[in-house]
Amino acid sequence: MSIPQRLPLSSTSCPQVVVTGIGLVTPLGLDRESTWRGLLAGRSATRWLTAPHWTGKEPLAGALCASVAFAMNGDRDPVVSLALRTANEAIADAELDHGCLTGDRTGVVFGTSKGGQETASRLTQSMRQIGHWDNTTREGACWSDLWANSAARVVAGHIGCHGPSLCPVLACATGLAACQRAAELIREGVCDIVFAGSSDASLQPAILGSFRRLGVLADSSAADSANVCRPFDQNRSGFAIGEGAACLVFESLIHARKRHAHWYGEWLTGRMLTDPSGLTTLDPSAQSLCRLLRDVGRDVHYRPEYINLHGTATILNDRVESFAVRDHFGTEAGLISCSSLKGGLGHLLGAAGSVELAATLLAIRDQIAPPTVNLDNVDSEFDLDFTPREPRPKIIEQAWKLSLGFGGHLMAACLGRLRGEGDRTDSIQLPD
């Protein structure tokens, strides 16, 4: 297909939205830059799990982050601790003063997809042992961490914001949905600043066992746990679950410029649709996903230089996603650098969309496409550039992010490089 020439990246009918701060905690690092260095180095954080995370007889790989190290929030569920840690890093990165966040023009959109699973596990064990609910325990005192809105509530309270506090729940598309809603709140004129993201800590036997029964986890026969998740590889067999969080500061460009802030990039558009095929399956024809890409393409009218794919390393997901990209971009699809980050990070479930969106913004900042880890032999069905194993310096003016969630949730977002005195890419020098 023929891709139209670039049109203006932003509409003048509503406020432009930029991202001015990023906080990350992942299996590859306890902050933004260490995570990013690990991704660019092609490291994998997956390892064989043992009790209490996994108690099954067969081996199972997962990607733990050091949530146990959060002594400052040791009385809270990891899903809340992860969220708070990333919010604090995002505040510092955006150079925001807590005092300016307490008005009703600051909002929070933070998802968890399923709430505090460690708290749920501990409460269940306690009730089995003593036969009743004990509200004197740590878990009993923090029973509200079970709610899906626990992270949003705690982050909003920590910031002291009086604006909207929302919690979208869209399975593995939760994080990207939170970011889209944040951008909408600014474009609708409701907020000047919105903290958006998601967190997930699901390495619990009951959750892992459920995913195992669904048949979506990587084959445990691999010799090396670091290599089990192999997106787009002909030998792929599924994903490994990881835990982590991301918090991004969305801000109107006018507000950012008034306070002389720096930005990673501009939110250009976000779209969502549903694939009604089933709880865990996708339409093999990719009809809904192809329509979603067309919708995004109509908004921005320009082929991206980079696409961060959902890339779960399951047989059907990788096939459908690759087909949709090829169908939409046609002969120009091969010019786009694509990658999945799940071979290194694991699948962060509810946190995947926000963490991977943050990495996409870092790719724009540093003008480099991160690699797809563990991709040794690209499936012969796919004719795309998946950036195997090694990062690639590249001029990135526009990048897309795709997220697909169980239950049929489909999301796609487009980010752009916004040049100006606040552009964090100003120091990057790449050949034309």
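Analyst: Let us begin with threonine 174. Setting aside neighbours within four places in sequence, threonine 174 is in contact with Gly111, Thr112, Ser113, Pro168, Val169, Ser198 and Gly350. Please note that this is a predicted model.

User: Which helix holds threonine 174? And is threonine 174 buried or exposed?

Analyst: Threonine 174 is found in helix H6. Its relative accessibility is 0%, so threonine 174 counts as buried, the cut-off being under 20%.

User: Ser198 was on that contact list. Which way does Ser198 point from S6?

Analyst: Ser198 points one way from S6 together with Val194, Ala196 and Asp200, while Ile193, Phe195, Gly197 and Ser199 point the other way. Residues on both faces are buried; in total, 8 of the 8 residues of S6 are buried.

User: What are the pairing partners of S6, and in which sense, parallel or antiparallel?

Analyst: Strand S4, residues 106–111, pairs with S6 in the parallel sense over 6 bridges. Within that pairing, valine 108 stands opposite phenylalanine 195. S8 pairs with S6 in the antiparallel sense over 8 bridges, and there aspartate 200 has glycine 244 as its bridge partner.

User: What does tryptophan 267 touch?

Analyst: Apart from neighbours within four places in sequence, tryptophan 267 is in contact with Val17, Leu176, Cys179, Gln180, Ala183, Arg187, Phe250, Leu357, Ala413, Cys414 and Leu415.

User: Which strands pair with S9?

Analyst: S1 is joined to strand S9, residues 265–274, by 3 bridges, and the two run antiparallel. Valine 19 stands opposite glycine 265 in this pairing. S9 also pairs with S15, again in the antiparallel sense, over 8 bridges; arginine 271 stands opposite alanine 412 there.

User: Changing topic: what lines the second largest pocket?

Analyst: The second largest pocket holds about 290 Å³ of space. Its lining has 22 residues, and those closest to the centre are Thr280, Leu282, Thr314, Asn317 and Phe406. Helix H10 (315–329) and strand S14 (398–405) each give two or more residues to this lining; H10 gives the most, with 3.

User: How does that lining divide into nonpolar, polar and charged residues?

Analyst: The lining of the second largest pocket divides into 10 nonpolar and 12 polar residues, with no charged ones.

User: And enclosed space? How many cavities of 30 Å³ or more are there?

Analyst: The count comes to 1 cavity of 30 Å³ or more. The largest cavity holds about 50 Å³ of space. Its lining divides into 9 nonpolar, 1 polar and 2 charged residues. Among the lining residues are Trp48, Ala61, Arg212, Asp219 and Ala240.

User: Which strands form the open sheet with mixed pairing, and which of them stand at the edges?

Analyst: This open sheet has 3 strands in the order S2-S3-S7, with mixed pairing. Strand S2 (47–48) and strand S7 (241–242) stand at the edges; each has a single partner strand, so one side of each is left without a neighbour in the sheet. Strand S3, residues 61–63, runs parallel to S7 and is joined to it by 2 bridges. In that pairing, glycine 62 has isoleucine 241 as its bridge partner.

User: One last element. What do the buried residues of H7 pack against, and what follows H7?

Analyst: In helix H7, residues 205–214, Ile207, Leu208, Gly209 and Phe211 are buried. The buried residues of H7 pack against helix H3 (117–130) and S7. Glycine 215 follows H7, and its phi is positive, near 80°.

Key: Residues are numbered from 1 along each chain as its sequence is written. This is a predicted model: local features need pLDDT of at least 70, side-chain atom pairs count only at pLDDT 80 or more; totals for chains, interfaces and linings use all residues. Side-chain values use heavy atoms; hydrogens and water are left out. Contact means heavy atoms within 4.5 Å. Helices (H or I, at least four residues) and strands (E, at least two) are DSSP runs, numbered from the N terminus. Buried means under 20% relative accessible area, exposed over 50%, partly exposed in between (1.4 Å probe, protein chains only). On a 1 Å grid over the protein atoms alone, a cavity is a set of points where a 1.4 Å probe fits but cannot get out, and a pocket is an open set with protein on both sides within 12 Å along at least five of seven lines; lining residues have an atom within 4 Å of a point. Grid points are joined across faces, edges and corners, and a volume is the space filled by probe spheres set on the points. Ala, Val, Leu, Ile, Met, Phe, Trp, Tyr, Cys and Pro count as nonpolar, Asp, Glu, Lys and Arg as charged, and the others, Gly among them, as polar. Two strands pair if DSSP finds at least two bridges between them.
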